[in-house]
Amino acid sequence: MVVLNSLEQLTKHLKKVRDQNYNIGFIPTMGALHPGHISLIHAAQQQQDITVCSIFVNPTQFNDLNDLLKYPRTIEADCKLLEEARCDIVFIPEVSEIYSPEELLLKKNSLEDKSWTEGKTVDFGLLADVMEGAHRPGHFNGVAQVVSKLLKIVRPNKAYFGQKDFQQLAIIRSLVKQLNLPIQIIACPTIREPSGLAMSSRNERLSHKERTSAALLSEILFELKDLYLQKTIPELKLFVANKIMTDPMIELEYFEISDAETLQKITHFGLTKSAVACFAIKLGGIRLIDNIVLY
Ligand code: AMP
């Protein structure tokens with residue numbers, strides 16, 4: 001496994017890879033790796049010749065400075081996991097390698113700033129107005145900014161993303177389409193702990209008690225999957241609200257049942273091709289998200 005920190009090193013290395021006509025699979029991450037991330041590495045390995053993983057805690061996607069500062073950083077353990085998983089290339093850039101000082105100072109992650117889209121207009125429309133987009137202003141612009149930069153640097157054949165971040169996946173698909181990038185986006189299933197809790201780097205910050213409470217989320221999602229054919233959407237929302245109220249430690253930020261393509265709220269089942277139930281909660285100050293595709 002090769003660990004590279006600079007754009008120059010990475011570009012040189014990838015040129016050699018491309019010269020040999022190898023296909024490249026890319027997995028962008030923010031580190032603090034867990035089996036969820038490693039499942040993306042394995043998915044890439046099954047389809048591609050060379051697997052590239054990046055570890056970069058992207059400052060422009062955090063709308064809460066405290067969240068950025070407290071984001072777990074475990075580079076040594078991450079490299080060990082990637083080595084064991086037989087990842088080929090790990091890219092771990094400093095912030096200055098990805099952003100100019102102006103980009104950071106001016107928080108130029110807005111869609112009006114066209115420097116990172118090479119002059120192209122990108123508009124996520126209603127996709128970015130709901131759920132995470134509504135609760136974390138600027139978050140998806142920051143995600144789109146870093147992902148577009150990384151995709152242009154690595155130029156993979158395929159890039160792998162987790163369904164755990166359902167809305168992010170929709171935003172990235174839209175980004176790639178709007179920028180006409182010749183890259184296939186592959187969605188990978190959510191990997192869960194034995195309790196059902198979706199694996200997340202943020203779980204590390206939960207106490208033992210909070211972790212036990214957090215399992216209620218997936219329990220509710222699995223129940224919804226069994227129940228949705230027998231109940232209306234308002235009934236399901238009430239069911240969820242009542243369940244959440246049984247645990248005073250959990251603060252519900254949102255719960256939505258949405259069209260899985262447009263991510264807009266739906267009022268009835270059956271009118272859309274597919275539907276997804278999505279959650280965001282806070283537990284001991286830590287924000288967790290999860291979702292389940294109902295049909
Ligand atoms: P992050 O490091 O949180 O930015 O995540 C990097 C990638 O790993 C994203 O595509 C996530 O959706 C994906 N990911 C995170 N957690 C999981 C999980 N539990 N199962 C599958 N993929 C995940």
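Phenylalanine 56 and tyrosine 99 are both buried, meaning under 20% relative accessible area, where over 50% is exposed and in between is partly exposed (1.4 Å probe, protein chains only). This is a predicted model, where local features need pLDDT of at least 70, side-chain atom pairs count only at pLDDT 80 or more, and totals for chains, interfaces and linings use all residues. Residues are numbered from 1 along each chain as its sequence is written, and side-chain values use heavy atoms, leaving out hydrogens and water.

There are six aromatic pairs here; rings of Phe, Tyr and Trp (its six-membered ring) pair if their centres lie within 6.5 Å, with planes under 30 degrees apart stacked, over 60 edge-to-face and the rest tilted. The phenylalanine 56 and tyrosine 99 rings have centres 6.2 Å apart and planes at 40 degrees, so that pair is tilted.

Now go to tyrosine 228 and phenylalanine 269: their centres are 5.2 Å apart and their planes at 65 degrees, so this pair is edge-to-face. Tyrosine 228 counts as buried at 12% relative accessibility, while phenylalanine 269, at 22%, counts as partly exposed. Ring pairs join Tyr228, Phe269 and Tyr295 in a cluster.
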